[in-house]
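Here is a quick tour of some local features in this model. Have the sequence and the 3D view open as you read.

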Amino acid sequence: MSKRFLLMGASALMMGTFSAPIVMAQDAGASDDTIVVTGSRRSARSAADAPVPIDVISGTELFNQGDGDLSNLIRNSVPSYNVNTQPISDAATLVRPANLRGLSPDQTLVLVNSKRLHRAAVIAFLGGGISDGSQGPDISTIPALALKQVEILRDGASSQYGSDAIAGVINFILRDDTDGATVDVRYGSTYEGDGDQITVAANVGLPLGDTGFVNITGEWRNVDETSRSVQRDDAAALIAAGNTAVAAIAQSWGQPQVDDDIKIIVNSGVNFSDTGQIYAFGNYASRRVEGGFFFRNPTNRGGVFAGPLVNPLTGAPDPNGVPSVLVGDLSGDTIGDCPAGIPLTAGGGLLPDPGLLASTNADPNCFSFLELFPGGFTPRFGGELQDRSIAVGIKGELELGEGLSYDLSYRYGRNDADFFIFNTVNASLGPNTPTSFNPGGYSQEENVINLDLGYGVPVASFASDLHIAGGFEFRSESFTIRSGDAASFTLGPLSAPSTAFPTGQGFASSSNGFGGFTPGTAGTSSQSNIAFYLDAEADVTEQLVLQAAVRFEDYTAFGSTTNYKIAGLYALTDDFKIRGSYSTGFHAPTAGQANVTNVSTVFAGTQLIDRGTVPLTSGAGQFISDFIVSEGGVRPTLGVETADSFTFGTAFNIGSASVTLDFFNISVNDRIALSGSQDFIGALRTTATNNGVAFGANDSTSQLLNALDAAGVLSVADFAGSEDLTEFTFFNNDFDTRTRGIDIVINTPLNFGVGSTSATLVANYTDTEVQNNGSLGAGRIRQLEDNLPATRGSLTINHDQGQWSGLIRANYFGGFFEDHLDSNLAFPIEAGAEFTFDVQVGFDITDNFRVAVGADNFLNNFPDENPFSGVVGSRFPVTSPFGIAGGFYYLRLTATL
């Protein structure tokens with residue numbers, strides 16, 4: 001298997017394409033002369049000589065695992081990289097956010113062939129605390145079989161790459177074989193018998209003329225959903241009371257269903273001279289993802305089932321009465337045709353009065369959603385995703401002095417997410433509601449033009465040329481919101497404003513669970529930036545390497561920033577080196593983060609509520625900003641977040657073993673994040689009181705807005721799309737963090753007298769502290785600091801002997817904290833540490849045909865059980881760093897030509 005290198009310290013990285021040659025990461029017993037293309041602009045820079053901490057993982061190592069999701073494969077190899085299942089997380093279920101060194105997904109820059117990968121259209125509004133509000137790229141669109149190697153720089157690199165490179169850089173290098181073909185078929189399933197995975201992948205390398213190549217990879221994959229759920233307490237109580245329409249498992253927690261996951265990547269290049277090449281690569285990917293949502297209890301889901309307090313005999317409104325099921329009056333011309341609610345007086349207060357229920361159902365003028373869903377309902381949510389990109393360029397070296405290298409390229413990328421939701425209602429439409437909706441979608445589109453130049457200047461006193469590099473980059477991005485079908489956002493007759501009949505019906509508008517985007521919120525938001533950079537590197541002596549870089553970047557929306565980096569490596573001996581760096585960095589808000597509008601259904605206490613996200617520039621955003629200031633707070637703003645990064649490490653050999661140890665410290669100021677929840681309806685009530693505007697105690701948001709509009713306090717037209725929100729969040733610069741940690745990697749060959757054996761030990765310790773908090777609650781702070789395990793590690797042993805090969809990996813996941821349901825510590829889970837074990841055995845049937853069987857989490861370990869499992873039915877903490885599915889076995893058949 002491949003050797004993984006962790007190179008301590010840091011370096012000045014280049015921006016854009018690297019022109020150095022690319023080689024596969026070598027076996028564990030090989031020397032540290034592995035050539036990498038991340039970490040230095042100088043050609044033929046070995047991993048051991050680069051003053052940066054880099055993991056080098058061969059494509060073979062990633063491909064020779066059982067899972068088919070690239071994020072999971074990287075997690076198995078890199079302990080500072082974390083990704084988990086995202087059940088019931090809105091759009092985060094479709095594109096799972098991943099974290100490097102405990103930071104947000106969009107604080108890690110992702111490259112393909114050293115070119116910036118475009119972002120996904122999905123914004124993770126519910127991202128487990130750490131990833132809330134992030135908009136990173138979707139690396140699951142890359143098939144593992146397409147990869148030659150992956151280089152993971154765990155150091156700040158904004159002064160070379162620009163925005164996002166705070167935690168580090170992940171560079172996916174595509175295969176460039178000119179011949180050969182591989183076909184791989186694999187099947188796997190969990191020990192529980194669900195979550196079946198079927199993957200078929202193929203790769204072919206072909207010559208392109210006499211001096212070129214084209215390499216094509218395709219993959220198709222299907223993944224069945226899993227469920228690690230127990231019955232909710234409220235659902236169990238309904239069944240015990242006699243409601244036989246409630247499902248046996250009212251709400252499912254597990255991995256979503258993934259259908260027709262198609263990935264195609266093409267990489268090509270043609271040499272037009274001894275030093276020049278024209279290149280192009282691109283991809284297409286699509287998939288359908290579907291998962292569950294929260295159960296809608298038929299007695300208390302607000303806006304659908306929950307009615308007012310009513311007289312237990314008549315169903316008439318009574319402030320001293322009993323809870324009821326909401327009833328809609330469909331007559332349209334006579335007030336009082338129907339009871340305000342069907343009293344919950346049967347089944348110990350959990351079932352509606354059978355007489356009033358029967359009479360209401362029989363009256364064509366009266367309607368309750370018990371007629372359609374007597375046992376409540378659980379929406380099913382998902383999306384159709386498409387991803388495409390293309391990059392073209394020309395690179396080479398001009399015969400000028402010591403040789404002027406150049407690389408001119410253009411890259412286009414686009415990602416689309418079209419949402420769907422079914423088994424739900426637009427309650428305001430009453431009995432005329434559809435149960436399937438298309439709420440609309442998001443698109444992210446990016447264009448990048450890049451020019452890199454490099455030149456070696458002889459310096460008599462140096463041990464090498466002084467390599468000077470400079471470049472220019474133009475990048476534009478746009479974020480589009482597409483409106484949904486009319487039924488997904490319509491305010492129907494049962495959600496009439498206070499000026500129409502019948503008044504105060506109380507039914508919620510929009511598709512319940514994920515409301516559709518209105519034409520007013522639809523549209524495209526764009527921004528662009530230009531950048532100039534300069535870096536220098538030289539072997540000052542045979543022992544000392546120094547690097548420095550500076551980058552200026554200017555954004556149309558957020559102004560300019562200048563960042564720099566200095567780094568060095570000193571070889572005390574051939575077998576002992578020290579490295580270190582200091583750098584500044586930044587991350588600019590995306591066009592999506594600055595302009596998105598969204599509504600998510602979240603759990604609050606024991607009830608579901610709809611929480612919106614609005615731009616600070618919107619009417620609602622400006623209103624709440626002014627309100628915060630009027631209450632003595634600081635006006636929220638959205639701009640660039642900044643970072644300072646320091647690393648220091650050592651790399652040394654002990655006999656045949658190589659050891660690297662790295663300390664890092666990353667301080668991020670003014671982090672871009674979703675704010676704490678803002679009490680919109682409370683602010684409206686306070687504003688009305690302060691301005692002498694009369695309102696009712698139970699007035700809705702729209703009623704309060706209309707009253708304030710009539711009094712001339714505000715214009716209701718400025719609040720389009722926010723009329724139904726009682727609370728919302730917005731993107732702003734809200735807090736600071738300091739992240740510290742240590743990485744260690746040990747590689748060594750082992751001699752058992754037969755075959756070839758190697759061992760790799762990798763471990764990571766990361767600690768994050770929230771500082772200068774703005775609006776975050778205590779639960780969100782704990783999530784940011786402790787949701788990821790502070791300690792992670794693995795020991796992998798590979799053995800090859802004749803036709804046989806084997807792998808054993810022991811994984812350690814430290815304890816973690818989960819603020820279950822983002823409840824602000826109402827349901828805190830302190831989960832303990834856990835070991836898991838992976839095993840695989842392979843056999844070469846012929847030179848061209850191989851079979852392998854294996855298991856991930858071989859001993860079928862699970863995280864500690866959720867002490868609050870009855871609240872919403874999740875048996876385990878859903879943010880477990882190793883998932884909640886348990887053991888997974890697989891069979892692989894591989895043919896090579």
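## A run of antiparallel strands

Strands β33 (residues 791–801) and β34 run antiparallel and are joined by 10 bridges. Strands here are DSSP E runs of at least two residues, helices are H or I runs of at least four, and both are numbered from the N terminus; two strands pair if DSSP finds at least two bridges between them. Q801 has W804 in β34 as its bridge partner. The β33–β34 hairpin has two residues between the strands, and G802 takes a positive phi near 60° there.

β34 also pairs with strand β37 (residues 834–846), again in the antiparallel sense and over 10 bridges. There, S805 has G842 in β37 as its bridge partner. As for the faces of β34 (residues 804–813), S805, L807, R809, N811 and F813 make up the covered one, while W804, G806, I808, A810 and Y812 make up the uncovered one.

## How to read the numbers

This is a predicted model: local features need pLDDT of at least 70 and side-chain atom pairs count only at pLDDT 80 or more, while totals for chains, interfaces and linings use all residues. Residues are numbered from 1 along each chain as its sequence is written, and side-chain values use heavy atoms, with hydrogens and water left out.

## A five-stranded open sheet

Elsewhere there's an open sheet of five strands with mixed pairing, in the order β1-β6-β7-β4-β5. Its edge strands, β1 (54–58) and β5 (115–116), each pair on one side only. Inside that order, β6 (residues 147–153) and β7 (residues 168–174) run antiparallel, joined by six bridges.

## Two helices

Next, α7 and α8. A620, F623, I624 and F627 in α7 meet F680, A683, L684, T686 and T687 in α8 (contact means heavy atoms within 4.5 Å).

Most residues other than glycine have a negative phi. I88 has a positive one, near 50°, and sits in the loop between β2 (81–83) and β3 (98–100). N824 isn't a glycine either, yet its phi is positive at about 55°; its place is in the loop between β35 (816–819) and β36 (828–831).

Are these two buried or exposed? I88 is buried, with a relative accessible area of 10%, whereas N824 is partly exposed at 46%. Buried means under 20% relative accessible area, exposed over 50%, and partly exposed in between, with a 1.4 Å probe and protein chains only.
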